[in-house]
Amino acid sequence: MLNEFDFFRGLQINYSIVCKTKLWLFSYNMGMEQSSEEVRLGSFIHEVTYPRMKKNIIVDNKIAIDFLKKGEKLILHEIKKSQSLEDAHKYQLYYYIYYLKRTKKIELVEGIIDYPLVKKRINLTLNAEIEKKLENILAEIKEILAMPSPPKPEKKSYCRKCAYFEFCWV
């Protein structure tokens with residue numbers, strides 16, 4: 001059974017898939033995103049798309065839903081700049097759905113990832129297999145955050161665009 005300390009922020013789920021070093025640094029408040037052009041561009045896209053929607057719905061200081069639509073089901077929307085880290089985007093949104101189901105007991109909830117620059121949407125529904133994968137991700141995050149120092153960085157194709165590039169590679 002999960003308790004409140006077994007839940008993390010949405011970006012931590014994303015970063016656990018993208019880069020373990022980035023996850024550790026971010027989690028220990030070594031945020032470097034504020035100086036990143038890529039992050040600024042993503043924030044700009046987030047601000048100017050879907051202007052009629054109320055954005056940045058914060059739940060328990062754990063998850064930040066870009067916007068949502070209520071109806072027969074609760075539909076969570078996550079706005080992303082590009083599809084280059086699509087798996088991380090999916091699991092971040094799966095986690096939001098999982099979080100609402102587990103902590104708020106909201107059963108009828110699904111998600112959509114919006115890629116406005118390429119006019120693409122991906123619909124997501126949580127299932128038992130994905131829940132198990134999320135629970136493994138949560139356990140792995142706990143292990144990484146228990147480390148006294150960040151894991152050694154792994155060189156990846158997108159490192160040059162990362163806000164933490166200089167920390168890892170310079």
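**Stop 1: salt bridges**

A search of the whole structure finds 9 salt bridges. Here a salt bridge is a side-chain nitrogen of Lys or Arg within 4 Å of a carboxyl oxygen of Asp or Glu. This is a predicted model, where local features need pLDDT of at least 70, side-chain atom pairs count only at pLDDT 80 or more, and totals for chains, interfaces and linings use all residues. Residues are numbered from 1 along each chain as its sequence is written, and side-chain values use heavy atoms, with hydrogens and water left out.

Select Lys104 and Asp60. They form a salt bridge, with the closest N and O atoms 2.9 Å apart. The pair links distant parts of the chain, 44 residues apart. Lys104 sits in helix H4 (residues 86-104). Asp60 sits in the loop between strand E1 (57-59) and strand E2 (63-65). Helices (H or I, at least four residues) and strands (E, at least two) are DSSP runs, numbered from the N terminus. Lys104 is partly exposed, at 38% relative accessible area. Asp60 is partly exposed too, at 40%. The cut-offs: buried is under 20% relative accessible area, exposed is over 50%, and partly exposed is in between (1.4 Å probe, protein chains only).

Next, pick Lys80 and Glu78. Their side chains meet in a salt bridge of 3.2 Å, N to O. Are these two residues buried or exposed? Both Lys80 and Glu78 are buried.

Now go to Glu131 and Arg102. Their side chains also meet in a salt bridge, at 3.0 Å from N to O. This pair links distant parts of the chain: Glu131 is in helix H5, Arg102 is in helix H4, and 29 residues separate them. Arg102 is partly exposed, with a relative accessible area of 32%. Then select Glu86, Lys90 and Lys120, which salt bridges with shared partners join into one network.

**Stop 2**

Display strand E5 and strand E6 (residues 120-124). They pair in the antiparallel sense over 5 bridges. Strands count as paired if DSSP finds at least two bridges between them. Find Asp114, which stands opposite Arg121 in E6. The hairpin has 4 residues between the strands, and Lys119 takes a positive phi near 50°.

Stay on E5 (residues 109-115) and select Glu110, which lies in this strand. Which side chain does the Glu110 side chain meet in a polar contact? The partner is Lys73, at 2.5 Å. A polar contact is a pair of N or O atoms within 3.5 Å; within protein, one must be able to donate a hydrogen and the other to accept it, and residues adjacent in sequence count only if both atoms are side-chain atoms. Not counting residues up to four places away in sequence, Glu110 touches Lys73, Leu74, Ile75, Leu76, Ile97, Leu124 and Thr125. Contact means heavy atoms within 4.5 Å.

**Stop 3: the nonpolar core**

Move to Leu76. Leaving aside neighbours within four places in sequence, its contacts include Ile65, Phe67, Tyr96, Leu100, Glu110 and Ile112. Leu76 is also one of the residues that touch the most other members of the largest nonpolar core, which has 38 residues. Ile13, Ile63, Ile65, Tyr95, Leu100 and Leu134 belong to that group as well. The largest share of this core, 9 residues, comes from H4. A nonpolar core is a set of buried Ala, Val, Leu, Ile, Met, Phe, Trp, Tyr and Cys residues joined through side-chain atoms within 4.5 Å.

**Stop 4: helix H2**

Select helix H2 (residues 20-27). It is mostly covered, with 7 of its 8 residues buried. Those are Thr21, Lys22, Leu23, Trp24, Leu25, Phe26 and Ser27. What do they pack against? Helix H1 (10-18), helix H5 (128-145) and helix H6 (165-169). After H2 comes Asn29, with a positive phi near 60°.

Gln12 is buried, at 8% relative accessibility. A polar contact of 2.8 Å joins its side chain to that of Ser27. Beyond neighbours within four places in sequence, Gln12 is in contact with Leu23, Phe26, Ser27, Ile141 and Leu145.

**Stop 5: cysteines**

How many disulfides does the structure hold? It holds 0. A disulfide here is a pair of cysteine sulfur atoms within 2.5 Å. Select Cys159: the closest cysteine sulfur, in Cys19, is 6.3 Å from its own, too far for a bond. Cys159 is buried, with a relative accessible area of 11%. Finish on Cys162, which is in no disulfide; its nearest cysteine sulfur, that of Cys19, is 6.4 Å away.
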